[in-house]
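Let's take a friendly walk through a protein model together. Keep the picture in view as you read.

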Amino acid sequence: MSQRSRISCRLPGRARTAARKQSSSTGSSCSSLSLRADPVATEAAQRASDSIDEDIKKEAARRQAARRREVKGVHGWSFRSSVSEDIGQVILLGQAESGKSTLQKQLQLYYASHTLDAERPSWRIVVYANLIKAVRTVLEELEYEFSLARIEYPWPEHGASPGSGPTDVGAQNEINELRRALLPLISLEGSLSSELSDGIAFVGTRHASLFPPRQALFTRPGTRPLADLHRSHGAVVATNRAAQVLGTTVHVIEALWRHRSVGHLLHLRKLRLDESGTSFLNQVQRISKPDYVPSTDDVLHVRLQTVGVIEHSIKVNIASGVYIWKIYDVSGIYLEEDPLTNRVSDSLQLLTSVCANPLLKNAQMILLLNKTDILRRKLEAGIQIRDYITSYGARANNFSTAAEYFRTHFLAAYKKKDVFGRTLYIHFTSMLDVYATQVILASMEDLIMRRHIAQAGLV
Ligand SMILES: Nc1nc2c(ncn2[C@@H]2O[C@H](COP(=O)(O)OP(=O)(O)OP(=O)(O)O)[C@@H](O)[C@H]2O)c(=O)[nH]1
Ligand SMILES: [Mg+2]
């Protein structure tokens, strides 16, 4: 009988939960963290919470069934080779865009980088889609700002007070020219999105995103979620067309990205692009080459929203045999009905509801507080934490103080709700940094293996 060790990691908040209602009425767990934007317990919050519970229940039932099959397989194999095969399960939970799928890629890179290599060509269509979406977003934001006659010259940072300069008609004309030249590229977004979404395109609005139902289904253990994209005729055609149009418009994209109006909007923080958009626009020359294949960095930067739960399976060779990691990448939830909710509050709520969930009572809990690079950047830019979290008070506005503060609060909230007495391991991560992440994964592996060996009665 194989032994199983389980680990639940990536916990930051995914949705409003029942715990939110509880904590607001009882003043429990999160109350010591006073947030500027107070969370509102909406009907949508309850739905989101129920949906998480439903996901977890389905997942538990599915794993139960799968476990029976796996045990048979293990017996068969160990009978033939006398090598034991153990299974460790990792569930990635967290807010939408918190970096769960990026962690899954980092795990893949750490344990089975050849599988990531095999996937590279399939990521090309996603990189193109992300890049085109970024170009469209830039154009839309410029159009919006021009419509308000806000793009002015000379820019305030050049000495003029806001509103004093004449509207930059020259800039507006230049942008209109660039927009016209980019129309053939923008028009491809629909077909790329449609290929990624199996026929359903979610593009055309300022906040459109890519939903890939292909990924909503469980993939069989060992299969790669993107593999079918690479083989799909429609996807290949759309990818090649995008590559061709990119090749002819690359200089226009660069001219747009370097345009003073764009610099101005970025400076005023009126144009916000996600990691993928900024990264791919910065490297558009390389990405537009005909023989372009996404680098590891590109794959980590890509934004492709997970829908449902995706199962990944990674084989790891250890001294005592073969160990299989089953990684369940669960989609995060956006609650657009409640845009004011502070993400830190959201994360605390999810952590407390997950740690109190009896379905996960045997799980080893690891909390990864991700995107520390963004926190550092914001602190360096002078953004004050106390403006968003009032209880931060007069503490020093630097990374180490902030990290300690968040660690203490998350741990306190966890201890209050964790009725199963498990240790919570907390790491601060920046998932785009391969080296730093691999160091953390090594320490997580050590922890999991120790527990596994202890459970197996080997120590
Ligand atoms: N700056 C920065 N960006 C990150 C980090 N981790 C992930 N990202 C980026 O954030 C975006 C979202 O990451 P995902 O891994 O897709 O997020 P997710 O949690 O899987 O999101 P859902 O699938 O919607 O639940 C991607 O463009 C990543 O490249 C990080 O540590 N720092
Ligand atoms: Mg994801």
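Buried residues make up 38% of the 459 residues in this protein; a residue is buried if 20 or more other C-beta atoms, placed from the backbone, lie within 10 Å of its own. The model is predicted: local features need pLDDT of at least 70, side-chain atom pairs count only at pLDDT 80 or more, and totals for chains, interfaces and linings use all residues. Residues are numbered from 1 along each chain as its sequence is written, while chains are lettered from A and ligands numbered from 1 in the order in which they are written.

The protein has 15 helices and six strands, which are DSSP runs (helices H or I, at least four residues; strands E, at least two) numbered from the N terminus.

Now for the inside. A nonpolar core is a set of buried Ala, Val, Leu, Ile, Met, Phe, Trp, Tyr and Cys residues joined through C-beta atoms within 7 Å. The largest one has 43 residues, and Leu-92 and Phe-410 are among those with the most contacts inside it. Elements that give two or more residues to this core include strand E2 (84-92) and helix H14 (399-417). A second, separate core includes Trp-123 and Leu-265.

The protein averages 75, and 66% of the residues score at least 70.

| Element | Residues | Mean pLDDT |
|---|---|---|
| strand E1, lowest | residues 4-9 | 30 |
| helix H10, highest | residues 284-287 | 98 |

Over residues 1-32 the pLDDT is below 50, and the score is also below 50 over residues 68-84.

Technical notes:
A residue is buried if 20 or more other C-beta atoms lie within 10 Å of its own, exposed if 12 or fewer, and partly exposed in between; C-beta atoms are placed from the backbone. pLDDT is the predictor's confidence in each residue, from 0 to 100. Two residues are in contact if their C-beta atoms, placed from the backbone, lie within 7 Å.
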